[in-house]
Amino acid sequence: NPKPEVTVLNLHGTIVAGRAGLNGQPPMNMENLRKQIDFAFKPKRLQYVLLNINSPGGSPVQCDLISSYIKKKSEEKGVPVIAFVEDVAASGG
């Protein structure tokens with residue numbers, strides 16, 4: 001039997017539109033995360049995608065875009081998503 005595959009998507013930082021994040025960290029937004037999300041759902045034998053969240057939150061629009069895209073990929077691939085919090089998951093986190 002082949003080993004089940006799990007991917008971890010690290011969602012760390014402030015959720016803001018644009019290219020400049022806060023405190024020197026890159027921002028989390030749909031533009032910056034699309035390729036990472038696509039890559040997380042790419043493996044052929046994928047059984048789970050884990051969301052490792054560490055975010056103080058931020059833009060409601062970007063939060064909705066990101067969460068909607070992850071949900072869409074989950075439904076398309078038939079792969080469940082499990083989220084867990086590393087330190088902080090405030091607001092949109």
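Guide: What follows is a short chat about the terms and the values behind them. This is a predicted model, where local features need pLDDT of at least 70, side-chain atom pairs count only at pLDDT 80 or more, and totals for chains, interfaces and linings use all residues. Residues are numbered from 1 along each chain as its sequence is written, and side-chain values use heavy atoms, with hydrogens and water left out.

Visitor: What makes up the secondary structure of the protein?

Guide: Two helices and three strands, running β-α-β-α-β from the N terminus on. Helices (H or I, at least four residues) and strands (E, at least two) are DSSP runs, numbered from the N terminus.

Visitor: How do you know that β2 and β3 are joined?

Guide: Two strands pair if DSSP finds at least two bridges between them. Six bridges join β2 (residues 46-55) to β3, so the pair qualifies under that definition. Asn52, for one, has Phe84 in β3 as its bridge partner.

Visitor: Why is the sheet called open?

Guide: The order is β1-β2-β3, with parallel pairing. β1 (5-12) and β3 (81-89) stand at the edges with a single partner strand each, so one side of each has no neighbour in the sheet. The twist averages 15 degrees from one strand to the next, with axes being lines fitted to C-alpha atoms (for helices over the stretch in contact) and angles running from 0 to 180 degrees between N-to-C directions.

Visitor: What does helix α1 touch in the sheet?

Guide: α1 (residues 30-40) touches β1 and β2, and its direction makes about 160 degrees with that of β1. Contact means heavy atoms within 4.5 Å.

Visitor: Which residues of α1 are called buried?

Guide: Met30, Leu33, Ile37 and Ala40. Buried means under 20% relative accessible area, exposed over 50%, partly exposed in between (1.4 Å probe, protein chains only). These four cover an arc of only 80 degrees around the axis, which puts them on the same side of α1; the arc is that of the directions from the helix axis to the C-beta atoms. Exposed Lys35 and Phe39 sit on the face turned away from that buried side.

Visitor: How do you know that the radius of gyration agrees with a compact globule?

Guide: The rule is 2.2 Å times the number of residues to the power 0.38, with the radius taken over C-alpha atoms. For 93 residues a compact globule would come out near 12 Å, and the protein has 13 Å, so the two agree.
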